[in-house]
Amino acid sequence: MTKEMKLKITNTFTNQLPADPNLENSRRQVLESVYSFVSPKKTSNPSLIHVSDEMQQKLGISEDDIHSKSFLDFVTGNTVLKGSKPFAMCYAGHQFGNWAGQLGDGRAINLGEIETKNKNWAIQLKGSGPTPYSRSADGLAVLRSSIREYLCSEAMHHLGVPSTRALSLSLTGDEVLRDVMYNGNPAHEKGAIVSRVAASFLRFGNFEIFAARNDIKNLKTLTDYTINTHFSHLGKPSKEVYLKFFQEVTHSTLEMIIHWQRVGFVHGVMNTDNMSILGLTIDYGPYGWLEGFDFGWTPNTTDNQHKRYRYGNQPNIGLWNLYQLANALYPLIEETNPLETILESYKTGFEQKSQNMMRSKLGLFLEEETDINLIQSLEDNLQASETDMTIFFRNLSEFRKEHPEKGIDLMKEAFYVPNEIKGELLSNWNLWFTNYANRLKGETTSYDQRKEQMNKVNPKYVLRNYMAQLAIDKADNGDYSLIEEFYQLLKTPYSEQPNFNHWFAKRPEWARHKVGCSMLSCSS
Ligand code: AMP
Ligand code: MG
């Protein structure tokens, strides 16, 4: 079938922002430009693995289109749609706390924005070949990391966590060489491309690069564009509006991280080049989900030594990253005090919001001063006994305040080492259930109401690390059934879905130390 898809592509980004005049696809420093034009690499034998029906509908793509060659060519970069002028963005970033200079879209190629009735969706192909920003790498992506991004970004959206979305997952038919654990054992893997969508893919690093180069003209051009396009409710750009803009980014970043903490998501690489200006979860690399509740856990083996991006440190890193953005925007504002006030508000906002988030997880609707102690002692217990976060909070909705002594039985399936729950640990747990029962007596909600509300914030299903790995192992053998199963399962992560109850289970022991399950690297 040769019928062309009828997608309306606009180019607000490239029409309004300065382009790199050099059209060569060579690796280099790119100055005074927000992006470089670059074409996606042709793939040898592309095939479609999965399409997000939700994003398909949102973008107005018909069922016929999905099965057309034209769609396949579009999402693998083999054909560029009429009106689309592909490009890669120029950005910098702080990586693991250090200034890293120019980074840019090394393996993401933007195709412009798809115009729909409600909004414009920027679309990117991740893994579509080298760009001027690829540095020493190949611009490609492998199947395992593409499955992880594809499934998780959609799952996050359905959990109510702001995220970039995914439209499709495809194989390129080409092979890609990767050294998964960076231990001198490179191997060929299947190449893949995720087409991903978002209102904008701008990152903190897009602003940092101009500030670092003292290019205030382009810093202003980009910031004005961002405000006019994505924050127009703030008014026309001015010093005051720049501050309001920073305030909003601070707010949405904090909201996003509170959601991560609520569902037990660990991003793994919170570098400033991976921080969306819209407060979306972006760049799914070595991320992971808490199994045992542990503030010190990170899935990223590249961060093993300092664990900078561990679960419990994500809120601090959010603030650290916002300091970098504040520094970048400073030349437009030229006053430190109001920026500092906003950064301070992150700290107080975090305390308040994280307490409220924990209250909601516990089904507490009133605010008591002593809640902070109840939350603290719960976190101590969760840390002390290896406890599955998802199962614990889901089962807690069945707790009866009349029977605190039965609390521990409710959690049987949440403890990884049931035998260790004895002596002091057991009495600490029983004490906590007693305190929780007493606290619930001060609430006015019924058991049923509380259960219903708790089950709206405590998911039953998340993309457990070993689940993603199972989907990958099958897909490597050409069986995509688990990708479809998880895609469907994670569309309604808060509902019971009894047919899928087997995914409401602790991580199996074989996955404890398996590469891909508990250990991930940036090699993708
Ligand atoms: P990440 O840690 O995935 O956010 O990537 C950090 C930087 O490295 C970004 O500029 C990426 O575009 C770039 N990068 C990562 N993987 C590749 C690759 N395979 N080819 C080219 N650039 C890459
Ligand atoms: Mg990145």
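Which residues line the second largest cavity?

Mentor: The model is predicted, so local features need pLDDT of at least 70 and side-chain atom pairs pLDDT 80 or more, while totals for chains, interfaces and linings use all residues. Residues are numbered from 1 along each chain as its sequence is written, chains are lettered from A and ligands numbered from 1 in written order, and side-chain values use heavy atoms, without hydrogens and water.

The second largest cavity is lined by R262, V263, K361, M389, T390, F393, N458, P459 and V462. A cavity is a set of points on a 1 Å grid over the protein atoms alone where a 1.4 Å probe fits but cannot get out, and lining residues have an atom within 4 Å of a point. The second largest cavity holds about 50 Å³ of space, counted as the space filled by probe spheres on the points, which are joined across faces, edges and corners.

Two helices (DSSP runs of H or I, at least four residues; strands are E, at least two) each supply at least two residues of this lining: α8 (239–263) and α12 (389–396). α12 gives the most, with three residues. From their numbers, M389, T390 and F393 fall within α12, and R262 and V263 fall within α8. By class, the lining of the second largest cavity has five nonpolar, two polar and two charged residues; Ala, Val, Leu, Ile, Met, Phe, Trp, Tyr, Cys and Pro count as nonpolar, Asp, Glu, Lys and Arg as charged, and the others, Gly among them, as polar.

This cavity is one of three of 30 Å³ or more. The largest cavity has a volume of about 70 Å³. Its lining consists of 14 residues, with T43, G127, L140, T172 and D174 the closest to its centre. At least two residues each come from β10 and β11. The lining of the largest cavity divides into five nonpolar, six polar and three charged residues.

α5 has the largest share, three residues. A pocket is an open set of points with protein on both sides within 12 Å along at least five of seven lines. The volume of the largest pocket is about 950 Å³, and 41 residues line the pocket, with Q95, R107, R135, C522 and S524 nearest its centre. The largest pocket lies between domain 1 (2–202) and domain 2 (205–360), because both give residues to its lining.

The domain assignment, automatic or from a database, also gives domain 3 (367–444) and domain 4 (465–511). The C-alpha centres of domain 1 and domain 3 are 44 Å apart.

R135, one of the residues nearest the centre of the largest pocket, sits in the loop between β8 (120–126) and β9 (141–142). Its phi is positive, near 45°, although R135 is not a glycine. Most residues other than glycine have a negative phi. R135 is also among the nearest of the 17 residues around ligand 1, counted when a heavy atom lies within 4 Å; G104, G106, G139 and N274 are the others named as nearest. E334, in the loop between α9 (314–333) and α10 (336–362), likewise has a positive phi, of about 60°.
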